[in-house]
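Q: I am new to this structure. Could we go through a few of its features together?

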Amino acid sequence: MSKNQPEKSTKPTTTKPEETVALEPTVLLHASAPEPDSFAVQISDQIESFIVAVTAVAQGDEPDSAVPFLLLEVSQLLLAGGRLGAHEDILPEERYEPDLGPEPEVDDIRERLALLLEPVDVYSEVFDPYEPRKAPVPARISDDLADVVADLSHGLAHYRAGRTTEALWWWQFSYFSNWGSTASAALRALQSLVAHVRLNQPLEDLDGLDTDEDLAEETLAEAAGKVMAEEIAGPLGLRTVK
């Protein structure tokens, strides 16, 4: 995803929005030292907690609780996203985004999660439910979570540098443009996985599917084999209903 850079940068620059739609007051957003119970502190705490939690899960130290824990963490993150989405447009103090240097590296998290979730990492997703007749496409939970961590880490770097409003602007903008829909898709996949196992329903196995392929819904169904819930319940820390 492209990000705004200062005029001296050689990277492409885009201007930030100049108009805002008033929904609620923006007091405390521009404070140099936000109060502990302020909107900015609450959002940053939720975001940092998510990054720390996903990084810990990716280490694979507790694989038996990975899926339920990720379900909980993504659900909590989307509460912060909902608050950002419902807030009035947050305007940055500078017209161009300060250069943060190299982007945070998330490939290690992506690869570790892919290994941890290998039996159920691939799922099918419709990107925009308001676009009619769009066929589902393969996606990966590991890709989704790594991309969300990258977006959130970018804003967190601004926050830690004391640019509170810049951080909130970025988190709000990227919530609408990327990480909100990405996290929502991952949440649906995780919730569906837990529901399949708890309800003793067979799961569709997407082993062998290439997420770069443009496959129709029928092809997804034909390519999917059967994996009984009991076969993945233990490794992923899920209980079946007795």
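Predicted model: local features only at pLDDT ≥ 70, side-chain atom pairs only at ≥ 80, totals over all residues.

Q: Where does E97 lie?

A: E97 is in the loop between α2 (66-86) and α3 (107-116).

Q: Is E97 buried or exposed?

A: E97 has a relative accessible area of 0%, and it counts as buried because the cut-off is under 20%.

Q: On to the helices. At what angle do α3 and α4 pack?

A: The angle between α3 and helix α4 (residues 141-160) is about 155°, and their axes are 8 Å apart. The two helices are therefore roughly antiparallel, since angles over 145 degrees count as such. The crossing of α3 past α4 is right-handed.

Q: Which residues make that contact?

A: From α3 they are I109, R110, L113 and A114, and from α4 they are S142, D143, L145, A146, D147 and V149. Of these residues, six are nonpolar, one is polar and three are charged.

Q: What about L156: which residues does it touch?

A: Leaving out residues up to four places away in sequence, L156 touches E48, I51 and W171. L156 lies in helix α4 and is buried, at 5% relative accessibility.

Q: How far apart are L156 and W171?

A: They are 15 residues apart in sequence, and their C-alpha atoms are 8.7 Å apart in space.

Notes: Residues numbered from 1 in each chain as written. Heavy atoms only, no water. Helix = DSSP H or I, 4+ residues; strand = E, 2+ residues; numbered from the N terminus. Buried < 20%, exposed > 50% of the residue type's maximum accessible area, 1.4 Å probe, protein only. Axes fitted to C-alpha atoms, helices over the stretch in contact; angles between N-to-C directions. Parallel < 35°, antiparallel > 145°, perpendicular 65-115°, else oblique. Left-handed = near helix turned anticlockwise from the far one by under 90°. Contact = heavy atoms within 4.5 Å. Nonpolar A, V, L, I, M, F, W, Y, C, P; charged D, E, K, R; others polar.
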